[in-house]
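Reader: I would like to learn how to read the features of a structure, one at a time. Please take me through this one.

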Amino acid sequence: MFEEIRALVGTVLDGFSVCAMAYGATGSGKTFTMMGPPSARGVSYRCLAEIMRLCEERRKSFSFRVRAESAARVSHPQLVPTSPNS
């Protein structure tokens, strides 16, 4: 999966915003694909490592500031906490 989006990762250093997300049914492997175990890191870790590698490769020509954001959305109503007033 990472090889499919590797070219997009490089565009981050050109000023483009990139979002990689996993979508699918419960148990389909989204977390495994994005995070992976310590022995075989997933897409998220590999993208960050690639960004750092590219920054190092280009550091003589450019100065970079890297900021990463992560968001999680819970959409299953049984998992969303309810307020005591409901």
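Reader: Which residues does Glu-50 touch, not counting residues up to four places away in sequence?

Author: A contact means heavy atoms within 4.5 Å. By that rule Glu-50 touches Phe-2, Arg-6 and Val-9. This is a predicted model: local features need pLDDT of at least 70, side-chain atom pairs count only at pLDDT 80 or more, and totals for chains, interfaces and linings use all residues. Residues are numbered from 1 along each chain as its sequence is written, and side-chain values use heavy atoms, with hydrogens and water left out.

Reader: Where is Glu-50 found, and is Glu-50 buried or exposed?

Author: Helices (H or I, at least four residues) and strands (E, at least two) are DSSP runs, numbered from the N terminus. Glu-50 sits in helix α3, residues 43-57. Buried means under 20% relative accessible area, exposed over 50%, and partly exposed in between (1.4 Å probe, protein chains only). Glu-50 has 8%, so the residue counts as buried.

Reader: How do I read a salt bridge?

Author: Side chains of opposite charge can pair when their charged atoms come close. The cut-off: a side-chain nitrogen of Lys or Arg within 4 Å of a carboxyl oxygen of Asp or Glu. The whole structure has 7 salt bridges. One of them joins Glu-50 and Arg-6, with the closest N and O atoms 3.7 Å apart. Glu-50 lies in helix α3 and Arg-6 in helix α1, so this pair ties together parts 44 residues apart in sequence.

Reader: Which salt bridge do the side chains of Arg-6 and Glu-3 form?

Author: They meet at 3.2 Å, N to O. Both residues lie in helix α1, 3 residues apart, about one turn of the helix. Arg-6 is partly exposed at 33% relative accessibility. Glu-3 is exposed at 51%.

Reader: How far apart are the closest N and O atoms of Glu-57 and Arg-53?

Author: They are 2.9 Å apart, in a salt bridge. Glu-57 and Arg-53 are 4 residues apart in helix α3, about one helical turn. Glu-57 is exposed at 53%, while Arg-53 is partly exposed at 41%. Salt bridges that share partners join Glu-3, Arg-6, Arg-46, Glu-50, Arg-53 and Glu-57 into one network.

Reader: What about aromatic rings?

Author: A pair of rings is described by the distance of the centres and the angle of the planes. Rings of Phe, Tyr and Trp (its six-membered ring) pair if their centres lie within 6.5 Å; planes under 30 degrees apart count as stacked, over 60 as edge-to-face and the rest as tilted. Here the count is 0 aromatic pairs.

Reader: Which residue lies over the face of Tyr-45?

Author: A charge sits over a ring if NZ of Lys or CZ of Arg is within 6 Å of the ring centre and within 35 degrees of the ring normal. Arg-41 lies over the face of Tyr-45, 4.0 Å from the ring centre.

Reader: Which residues form the nonpolar patch on the surface?

Author: Patches take residues with over 30% relative accessible area and no salt bridge; like charges are joined within 9 Å, nonpolar side chains (Val, Leu, Ile, Met, Phe, Trp, Tyr) within 5 Å. Leu-8, Val-12, Phe-16 and Val-18 form the patch, with about 350 Å² of accessible area together. Such areas come from the Shrake-Rupley method with a 1.4 Å probe; for residues, only the protein chains shown count as cover. Val-18 is placed in the loop between α1 (2-11) and α2 (30-34). Val-18 is partly exposed, at 38%.

Reader: How many helices and strands does the protein chain have?

Author: The chain has 3 helices and 0 strands. Buried residues make up 16% of its 86 residues.
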